[in-house]
Each structure stands twice: as C-alpha cells, then as structure tokens.
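Please look over the sequence and the structure shown below before reading on. The report that follows goes through confidence and then a few helices.

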Amino acid sequence: MSGNDKVVEIQKAAQKPRPTAKKTGGGGGVGGGKSSGNRDKFGKYCIKNGCLYLVKIDRDGNEVEVLLVNITAKITEYVMLKNGLEEVGEWHIQGWRSNGSPLPLAKVADSVFSQGQSNWLNPKWGPNVILEPGATTIKHIRAAIQYYSATDGDVPVRSVYQCSGWERIDDQWHFLHGAGAITAQGLIESVEVDLPGNLAKYQLPPPLAGADLKAALASALQLPGVCPGKPQVGAALLCMALRAPLNECLDTDFVLFLHGLTGSRKSSVAKLALGFHGLGFTPRGERNRGFPGNWLSSPKAVPMQCFLAKDTVFIADDLKYTGGRSDDDLIKTANDLIMQIGNGSGRDTLTADRRLRNGQRSRCTLICTGEDTPKTQSTFARMLTMEITRDDVDERSLTALQIASDAGQFAGLMSAYLQWLAANLDRLKSEFPALVVQLADSETARPLSVSHPRAPGIYASLVAAVEIFSEFLQECDLMTFVEINAFQAEIESALQLAFEGQRTYQDDQDPCLRFVELIQTALASGDAHLPDKNTQEAPKVRPHACGWGRSGPGSEDYTPNGKRIGWFDPPKAPHSAKVYLLPDAAFEVAQSIAGRQRQPFFGGNAKSLWRMMMHRGFIEGEENKAESRPFKRKTIDGISQRILALDAGHLLPAGSEEKS
C-alpha cells in the first residue's frame, strides 16, 4: 500500500472520539483527550480523525492525545539544491485536510523546517490550516511529520543543480545545462538541473556527429565574415564561445565589450556566440530577444547570473546611460563586475557566527553590449573593446548565421566539443593554463602590451582556446592538418587587429589626460583662472587661455573668471613657461566639472593622481630627495605655497596670445 493510500485508509477508518473531559496537554498545545477510537500511532504521535496529535502520559499512566494541527502531512522527498558555492536543503511535503482532500505540495527550506521556529504551514497551505496554541507546537508538528514519514522507510533524497557548467558526479565529468548534462558518453537527461529565469534557456541538444557535425562546423567558421571589414569581431565571438567551457581549467579574466549606436546590430551579432550554449535563446522570430541578462536588472542580479552561468557565454545586453542620477548605480555595477572578473575575485562576507563565506565570483565568459562603455581606465584594461556600426555588418552573412544557430548547429557542435572535453578535462586542467602562459610570452603576444599591459594575456587566452578546439577537430577527423593551420592563422590575424584599437580606449580614460582636459575646460568656460605669478594680474601671454576675459566691450582690462587654481609663470629664456597649480583647488574644480558631466574621471584620491602624473612626466617632482615627491614649494606674492609644477605646454593651448 502506498503512503497516500495508507493516509486515506486511516482517515476513512477513523471515528470521532467520545466526549471526554479535556486536559491541558502542556507544551504541545491545548485540546484532545484520553486515547480512544481508531488511530495510527508512530513514536509519541498519532493520526486521528485526519489530524496530527501528540500522545502524552498523564499522572495516572494513561495516554492523553493532544491536538497539534487539523491536517496530516508526509515528506515525499528531501532535495539538495547545489549551485557550486553552497548546498541548501529543501523539504517537499504533501498534506491532506481532515476530510482527506489533498493540499498542494509544499516546498519548505531546510532552515525553516528543521529549526522549527516559525509557522510555515499557513503560508504554504492557507488559512484553513489551524495550529493549536503553544510555544512548542510547531516543533512537535515537524517531529510528527518526520516520524510519520519514516513509517514508509527512509525519505528519498535527490540532488538538483542550480548552475550550469562542469561538475564531477560519480567520478565522471558532467557539463550541466538546462536539459541535463553532457558527458563523455553524450547527453544524459537523468541529471536534474533547475536554472532560474532566463538561464533555463541554456539547453544543449545531443552531440552532432558525421556529416551533420561537419556542416555545423562549416557554419561556425563563417563567423568572422559577419563583419567583413572587421573580421576581429566575429573571430572574437567564436573564441569567446570556445573559451567558456575551459573556465574549469582557468577562469576567463576579461570581458568582450561590443558597443555601437542604436540599430548597429551589435546585439544581433553578439547573440551568435550565445547560440553555442543554448537552444532556448534562438527561437525563430525572436532573434533579438531572450538574452540571459541586461543592465536594467538590479545591481545584484547580473553578478549572480554570471555566477550561476558557469562555463558558458553570458551576455549582459544594452549598457546605456540616460544622463540622470540612476547612471551612478549603473556605472558602479558595470565597473565592479568587470573589475571582479579581471581580478578573479568575489565579494566575501561573514556568516552570522563570524565565519568567512566565499563570495559569488563570476564563473562565466562575459560579453557585454551597449551604446556606452564603462568609465575607468582600469576597467578598460580588463576588456577587449570593439565598436560596431550598421555598415560593418553583412546582413546576408548575419542572416545565414542566425539560421544556422536557430537550427541548433552551433549548440550541436558545442555538445560534440563538450563530449570530447569531458574525456580530456583532467589533462587539460594542467595543460591549458600552461599553454596560456606560454602564448602570452610569445613573440606574437608581447608587442600587444603597447595597447595595455593585459593585452598579451587576453590574446593568449583566446588563442589557447582555439588550439584546444583544434585538437578536438584533429582527433575527430573534422579538418585536415593544413585546414587547421589555416583556421588558426586566420583567427590569430583577426585577433591582432582587435588589439590595434585598444590604445585609443585606454587614452580616452587616462586619468592624467582626463585631468588636463578638465582643467583646460575649467579655464575656457570661466570656472577657473590663473593669475601671473609676479603681478597677480592677467598674464601678458595667453590671458584668455589662463581664464581671463575682457571687462567689457572695447575694454583694455581683463577680469578673472571663476576660482583661482594656481599661477602662470611667464617664460624666461632659456626656460619655458610654467603653470603652478594649487593641488586642492585644481582637484576640486576638475571633480566639479566631471560631476556635472556625470563622468567621474578618477576613483582614487588626489595624492595617487599626483604621483601618477609625476611618473608620467606631467608634473615636475621635487629634486634632491631620497624619495621623489610631486609637490614643490614656491614663494608667490611673499607667501610660501605648496604647488604642482607643470610645463605650460601640457595645460595651455599652443601659440601666444599677447595683451594689447
């Protein structure tokens, strides 16, 4: 007899108890009476009239039944929810009302059910479930349900995974996805994976083989042609798709960022990489929908999604600033996430008992799209950034690739690659990181550091992924040795083009150059001025560039604009003109203008900026010191001032502008 039939049989056979003098049960609630009628006892509990009772012994040695709740319930299974960071238990409990009608299946967190401190029955089953009063009633209900469930044997236990990616199960590598897992034997649907929200669309088909696999490979190799004039775009997307499942061997510590104006097709192009990891993202007629994440989500949502989307390509779509205060949170979220990925870190926390809990670091390979880009130089150093315009995209090529993706060719190819990886992953966990280091130190990669110091590592990480994929192609006889060499050369050449434009992005966010631009803006817009060091009046050379304007139409006099932020020291042969800035005043004005533009230019403190500018040659450091310092002392108008000395050529426009 099944558990459910047993409950119904007990309820049918139950008789109403004869009226007795009720006794206070104490601790477990009030109600009940001496044992009577047909009942089913387990431990010190019983079911009677379809309700759960506590059975107590009174002073005379008689059993007294104390009502706990007007239902019965049984545990159907205990589920372990695993996401790679923590394992959380969940009790699945079936309930019945006293008349035998079933209640909905209740899923109760282990922390709620086991601790027995709060009433979980009414939130799950509604107001018609009545718990008797008493401080320990809920604890007795928990124990009664467990005892009753044990009458049918041990409670079944099963595991459900709430993340994608590699997991070692029964000493075999499984690549988890929304439809099961890929192993060395192929697709296994018995592994339960429950991905939240749009992550559930990460579903892979059975691995392709034979002619179908070769056709899928041929389609995938057309990716560099999606932007014929910029083959680096498609090449980078293909590399990111191939790099993602190797995160188990070495995390991807950079982000691919595609930016462009509305209508540039950047999202459509980026989504081609997503087609390798999820059939659910490319239904026909919805090619521009269904991204796993977007920047409109709450600040904590995208980092959590990047944690759960383990070993896959994750796309955070449409970074766009509105110019309002909401941009501050958006900028911080984007910068923090990219910095965490670049640093391979998460935000560690403390538990209630002061134990360290590891943070949720990103475990995906992240591709971002947007009309705007993040705002700091250190963030750009952790990105491979490319711009896309509508003219860059070949519509016929894009359509052909979308059709191939919709047909499951990319996902089927990835399944076949994952099947091969599952059999080789233990070896690659040591070989792949060593290959990345070797390639980063190669003659091809080292010169890329002129764009930014991390460029050789990013290049090596992508090329190494192509080499591992090429090993798969060779072992599976999908391409000849000559074809593989040509494929690798094409990808490497395209990636080298990608890094040629990275220096521009770095310079745009260079805090030293940015500070100079902001001071120039302040002087030109009337927010600041520089008087002559000797006369404290308008400089005879370049007064307008120093922030002075005519007092009125036809006037010969000059009036200072805005705040004084330093002095102009006219040229003296053989020395060129100098500018002496007051550190605090200059920094305040620069920050003020950047704030009005909602584009903060420097996240650190002013002293760090001055040292950076000194080492870059913008500021003349103090001489004859064991440790060079950016500040100097100058006596100006009879007062010793702490100043920053700059060559005027760094700050003021070229050319002379004499007072008439």
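Is W610 buried or exposed? W610 counts as buried because its relative accessibility is 2%, where buried means under 20% relative accessible area, exposed over 50% and partly exposed in between, with a 1.4 Å probe and protein chains only.

This is a predicted model, in which local features need pLDDT of at least 70, side-chain atom pairs count only at pLDDT 80 or more, and totals for chains, interfaces and linings use all residues. Residues are numbered from 1 along each chain as its sequence is written, and side-chain values use heavy atoms, with hydrogens and water left out.

The protein chain averages a pLDDT of 86, and 85% of the residues score at least 70; pLDDT is the predictor's confidence in each residue, from 0 to 100.

| Stretch | pLDDT | Contacts |
|---|---|---|
| residues 14-37 | below 50 | 62, beyond near neighbours in sequence |
| residues 283-288 | under 50 | nine, beyond four places in sequence |

Where pLDDT is low, the predicted coordinates should not be read in detail.

W610 lies in helix α18, residues 606-615, helices being DSSP runs of H or I with at least four residues, numbered from the N terminus.

In helix α5, residues 210-220, the buried residues are L213, A216, L217, S219 and A220. They lie on the same side of α5 because they cover an arc of only 160° around the axis, taken from the directions from the helix axis to the C-beta atoms.

Terms used: Helices (H or I, at least four residues) and strands (E, at least two) are DSSP runs, numbered from the N terminus. Contact means heavy atoms within 4.5 Å.
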